[in-house]
Amino acid sequence: MILEPKPADLEKQIEQMATKVLFKSIELLGGLNKLAQHRNLTWLASLARACIAVVLKQEYTKSDEFIAQYLGTSSTTVKNILKADPEAVKKRLEDVDKFCEEEKKDLKVHTAGAVAKLAYKLVKRESGTGTLFEESAT
């Protein structure tokens with residue numbers, strides 16, 4: 001007998017994991033103070049959306065269309081989030097101040113996606129569990 005989580009439990013699990021990924025994303029961007037100093041607090045909405053999209057894809061293997069509907073956004077936006085290259089953003093994050101200036105007020109969808117994917121990978125590594133993201137990269 002296979003037990004599937006109830007919808008309320010699933011929502012809670014998604015939110016818990018997405019929150020961990022969001023906090024790790026903020027940490028990668030230099031912390032909340034750094035975002036405030038650069039007046040980039042508006043990035044939080046894009047980051048949260050990207051974190052949820054990455055969690056839904058990696059943890060629950062949801063389709064792009066499902067994720068788009070879940071987030072209330074377009075499937076094109078979801079595709080841009082999910083196809084983002086975390087390695088490219090990793091290099092850019094070596095100088096967070098420069099990164100913040102380059103992105104200015106609006107964090108691009110693919111950039112938010114790359115940060116979220118990188119944060120997801122780090123969260124999974126820290127928790128000692130493998131990721132679909134790592135497995136598909138090999």
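Which residue, with a positive phi, follows α3? In this predicted model, α3 is followed by T61, whose phi is near 45°, and the report returns to that residue after an account of the whole protein.

**Overall architecture**

The protein is built from nine helices and zero strands, so that, read from the N terminus on, its elements run α-α-α-α-α-α-α-α-α. Of its 138 residues, 38% count as buried, and the accessible surface comes to about 8200 Å², of which 53% belongs to carbon and sulfur atoms. Among contacts between residues at least 6 apart in sequence, 67% join residues at least 24 apart.

**The nonpolar core**

The largest nonpolar core has 36 residues, and among these V21, L29, I67, L82 and V89 touch the most other members. Two or more residues are given to this core by each of α1 (7-28), α3, α4 (64-71), α5 (75-82), α7 (96-103) and α8.

V115 lies in helix α8, which covers residues 109-127, and it counts as buried because its relative accessibility is 0%, where the limit for a buried residue is under 20%. Leaving aside neighbours within four places in sequence, V115 is in contact with S25, L28, L29, L47 and V89. V89, for its part, touches F99, T111, A114, V115 and L118, when residues up to four places away in sequence are not counted.

Helix α3 spans residues 43-60, and its 18 residues reach 25 Å from the first C-alpha to the last, which is close to the 26 Å expected at 1.5 Å a residue. Its buried residues are W43, L47, A50, C51, A53, V54, V55, L56 and Q58. In general, an α-helix has 3.6 residues a turn, so residues three or four places apart point the same way. L47 of this buried set is also one of the contacts of V115.

T61 lies in the loop between α3 and α4, and its positive phi, near 45°, is found here in a residue other than glycine. With a relative accessibility of 57%, T61 counts as exposed, because the limit for that class is over 50%. Elsewhere in the model, the charged end of K62 sits over the ring of F66, 4.8 Å from its centre, while the count of aromatic pairs comes to one.

**Two further positions**

N40 belongs to the loop between α2 (32-37) and α3, yet this loop residue is buried, with a relative accessible area of 1%. K79, whose place is in helix α5, is partly exposed, with a relative accessible area of 37%. Not counting residues up to four places away in sequence, K79 touches D64 and E65.

**Separations in sequence and in space**

| Pair | Residues apart in sequence | C-alpha to C-alpha distance |
|---|---|---|
| V115 and K24 | 91 residues | 9.1 Å |
| N40 and C100 | 60 residues | 7.5 Å |
| K79 and I67 | 12 residues | 9.7 Å |

Methods: Residues are numbered from 1 along each chain as its sequence is written. This is a predicted model: local features need pLDDT of at least 70, side-chain atom pairs count only at pLDDT 80 or more; totals for chains, interfaces and linings use all residues. Side-chain values use heavy atoms; hydrogens and water are left out. Helices (H or I, at least four residues) and strands (E, at least two) are DSSP runs, numbered from the N terminus. Buried means under 20% relative accessible area, exposed over 50%, partly exposed in between (1.4 Å probe, protein chains only). Contact means heavy atoms within 4.5 Å. The expected span of a helix is 1.5 Å times one less than its number of residues. Accessible areas come from the Shrake-Rupley method with a 1.4 Å probe; for residues, only the protein chains shown count as cover. A nonpolar core is a set of buried Ala, Val, Leu, Ile, Met, Phe, Trp, Tyr and Cys residues joined through side-chain atoms within 4.5 Å. Rings of Phe, Tyr and Trp (its six-membered ring) pair if their centres lie within 6.5 Å; planes under 30 degrees apart count as stacked, over 60 as edge-to-face and the rest as tilted. A charge sits over a ring if NZ of Lys or CZ of Arg is within 6 Å of the ring centre and within 35 degrees of the ring normal.
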